[in-house]
Amino acid sequence: MSIYRPKTTVEQWRILQAVVDFGGYAHAAEQLNKSQSSLNHAVAKLQQVLGVQLLEVRGRKAYLTEIGEVMLRRSRQLTQTVTELEQLADNLHFGWEPEVRLAVEMVCNRSPLLPIFADFNRESRGSRLIIDDTVLTGTLEQIVEQSADVVITHHLPKGVLGEPFAEFRMELVCHPQHELAKLPQPIKQSDLLNHLQVVIRDTASKPSETSGWLKAEQRWTVSHFDEALRLIKSGLGFCWLPTYMSEESVSRGELTRLTIDGSSHRSGLLYLVLPKGEKTGPCAKLLADKLLESRSSNLSPEVLAGSLS
């Protein structure tokens, strides 16, 4: 099996890019701190080994040929890949993680997190971010087993510390034409026994949590709130949904809220946890810091004041 040996070098492609980006050999030579003649030679050699003309000089300025435009576009992908590869090696040398795993409880509203992720991406040095949706004891499992670097959870295992991060609220909903919606509110818990309840699957390998289950005889299990929302809007059963998912459908009349005697809604705090403690890597700490910087928009003033005191 023959091994292909490249005829060109990454440096030659970088020089070609500089000549184009800086408007000619003279300005490119100044920016690269090289002689103009060395740049001329590099581009000429590049064209020679490729057997195609990339640049043509008109007056004092060099212009890309049609072939040159195609090759330049592809060359930028090449040099970007090489830059990222070298940066990755440097990051690993200094202990920067190649990937960070974030586990987020599904009751957490993700929309406020998007600008944080964008900001983190700019400073992550190419590290990959893996986001896991977790539910109930599946979230606790990520903490106890330290399988995630950063966790957003509604419940703290014994002996684990966490920073208040956001508040969540859940409400019981069904379709407006469902039998439960026609009963006088608040309804009794026993009224639910003979109706279908849609629940979210616990993501733990050995689930043990039953929170949110109202002991309905019929129960369908789905993997995500999105699927639960679709089922409920179609008229099938009732479900606890986070208000960030249900409120728009309620306002449009596609869903109706149910009130159980003694329980109008469920609410609580979400905590940010670093399961690995002092062993948390610098990139994971960067993500955690950025998430905590944003929590003023996720917490009420009273809760925020208590978490910062």
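**Cysteines, cores and helix packing in a predicted model**

The structure holds zero disulfides, a disulfide being a pair of cysteine sulfur atoms within 2.5 Å. This is a predicted model, in which local features need pLDDT of at least 70 and side-chain atom pairs count only at pLDDT 80 or more, while totals for chains, interfaces and linings use all residues. Residues are numbered from 1 along each chain as its sequence is written, and side-chain values use heavy atoms, with hydrogens and water left out.

Cys-239 counts as buried, at 1% relative accessibility; buried means under 20% relative accessible area, exposed means over 50%, and partly exposed lies in between (1.4 Å probe, protein chains only). Cys-283 is in no disulfide either, since the nearest cysteine sulfur, that of Cys-108, is 19 Å away. Cys-283 is buried too, at 0% relative accessibility.

Next come the nonpolar cores. A nonpolar core is a set of buried Ala, Val, Leu, Ile, Met, Phe, Trp, Tyr and Cys residues joined through side-chain atoms within 4.5 Å. The largest one has 50 residues, and those touching the most other members are Val-150, Phe-165, Phe-225, Leu-241, Leu-287 and Leu-291. Strand β6 (residues 163–174) gives this core its largest share, seven residues. Helices (H or I, at least four residues) and strands (E, at least two) are DSSP runs, numbered from the N terminus. Leaving aside neighbours within four places in sequence, Leu-287 is in contact with Val-100, Leu-102, Phe-117, Phe-120, Leu-129 and Val-150, where contact means heavy atoms within 4.5 Å. Another core, of 16 residues, lies apart from the largest one, and its members include Ala-18, Val-43, Leu-46 and Leu-72.

Now to a pair of helices. Two packed helices are described by the angle between their axes and the distance between the axes. Helix α2 (residues 25–32) packs against helix α3 (residues 36–50) at an angle of about 110 degrees, and their axes are 8 Å apart. Axes are lines fitted to C-alpha atoms, for helices over the stretch in contact, and angles run from 0 to 180 degrees between N-to-C directions. The two helices α2 and α3 are therefore roughly perpendicular, the word for angles of 65 to 115 degrees; under 35 counts as roughly parallel, over 145 as roughly antiparallel and the rest as oblique. From α2, Tyr-25, Ala-26, Ala-28, Ala-29 and Leu-32 meet Gln-36, Leu-39, Asn-40 and Val-43 of α3.

Helix α6 (residues 137–144) is mostly covered, with six of its eight residues buried. These are Thr-137, Gly-138, Thr-139, Leu-140, Gln-142 and Ile-143. Their cover includes β3 (99–105), β4 (128–134), β5 (150–153) and β11 (266–273).

Most residues other than glycine have a negative phi, and most peptide bonds are trans. Leu-136, in the loop between β4 and α6, is not a glycine but has a positive phi of about 50 degrees. Gln-146, in the loop between α6 and β5, has a positive phi of about 55 degrees and is not a glycine. Leu-136 is buried at 16% relative accessibility, whereas Gln-146 is partly exposed at 34%. Elsewhere, the peptide bond from Gln-185 to Pro-186 is cis, with omega near 0 degrees.
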